[in-house]
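Trainee: Hi! Could you walk me through the backbone of this one?

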Amino acid sequence: MIEKISMLRAAALDKIKQAASSGEVEELRVRLLGKKGELTEMLKDLKNMAIEERKQFGQEANELKNELTGFLEAKFSELSANDVKKSLSSGSSFDISLPGTQFKLGSLHPVTIVQKEIERIFTGMGFNIVDGPEAEEEFYNFEALNIPKHHPARDMQDTYWLENGSLLRTHTSPCQVRAMQKYGAPLKVIAPGRCFRNESTDASHENTFFQLEGMMIDKNVSIANLIYVMKLLLSEVFNRDVKIRLRPGFFPFVEPGFELDLNCMICGGKGCPTCKHSGWIELLPCGMVHPNVLRYGGIDPEEYTGFAFGLGLTRLAMMKYGISDIRVLNSGDLRAMEQFSVR
């Protein structure tokens, strides 16, 4: 085996000296030192040798490996430098004073910008961020939110059903029940995420959109707490006072329920296609958590109360950045997205 080492050394050094290009040097490196290289194959015989012979052969093989590595690196550097010299002497030199290739930098999507901002606001108020699956179970998307089978409220959320019986979630509200079951009460959480509904698209409706669900549960939580948190949220998002209105609304998972509308910031309340010429954008459905939902979450409604809200992140981004058509946000049109410089 020692003789084989000597023969491999002599043959390898001769081939390295004769190499005429950096590519040949790389081929030699793989042939000699690669996973299936000649030296590597020799080392596989170590297990069949006596201890003393194994020690001597291993030492010789390691010395050869280090020696060949040094020669290969030196030869590669030499030939690479020669390649550069040949390129410069052939007239294909370049002018180092010319500007280099400019690469466009990406930016965050406007919905992502708004989501990160809202997460910052709510974590500052002590809320935790939770998540849930987009392919949701029917129980969490409907039953646990007080929407049993054949309930008319399901007609408002025509969804995409999957072959395994699950569905693409129509809202982020399932995260409410999952959070209650996991953490119990008291509880302060928000759950941002993507939702899906099988509906016709227009300037203010999409089949894929983003929401942010929020919930606070504790003893003696009231509507006053809900209104305060919502006003604080919107004033922080828009960095100014905004005009809102609160009107009764029906949602099976809250009682009482409210619709919080924002004065359209595209037209200033005058009426446009985005607000359906009403001057208002339906932005934030909310209300006090229904006792049945608390029970599904494993919380006693006789001891705890809470409020919940669902914020449309996509529509909020439209209002914040003056985007008049919701379909732009999912279009993948870089001409629209590159206007947002936050990275």
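This is a predicted model: local features need pLDDT of at least 70, side-chain atom pairs count only at pLDDT 80 or more; totals for chains, interfaces and linings use all residues.

Trainee: Okay, what kind of peptide bond runs from Ala-185 to Pro-186?

Mentor: That bond is cis, and its omega is near 0°.

Trainee: And where does Pro-186 lie?

Mentor: Look in the loop between helix H7, residues 174–183, and strand E4, residues 187–196.

Trainee: Got it. What about the bond from Glu-255 to Pro-256, cis or trans?

Mentor: The bond from Glu-255 to Pro-256 is cis, with omega near 0°. Pro-256 sits in a strand, E7, which covers residues 254–263.

Trainee: Let's switch to phi. What is the phi of Asn-220?

Mentor: Asn-220 has a phi near 65°, which is positive, and the residue is not a glycine. You'll find Asn-220 in the loop between strand E5 (208–218) and helix H8 (223–238).

Trainee: Is Asn-220 buried or exposed?

Mentor: Exposed: the relative accessibility of Asn-220 is 73%, and the cut-off for exposed is over 50%.

Trainee: Which loop is His-277 in?

Mentor: His-277 belongs to the loop between E7 and strand E8, residues 280–289.

Trainee: And why does His-277 count as exposed?

Mentor: Because its relative accessibility is 58%, and exposed means over 50%.

Methods:
Residues are numbered from 1 along each chain as its sequence is written. Side-chain values use heavy atoms; hydrogens and water are left out. Helices (H or I, at least four residues) and strands (E, at least two) are DSSP runs, numbered from the N terminus. Buried means under 20% relative accessible area, exposed over 50%, partly exposed in between (1.4 Å probe, protein chains only).
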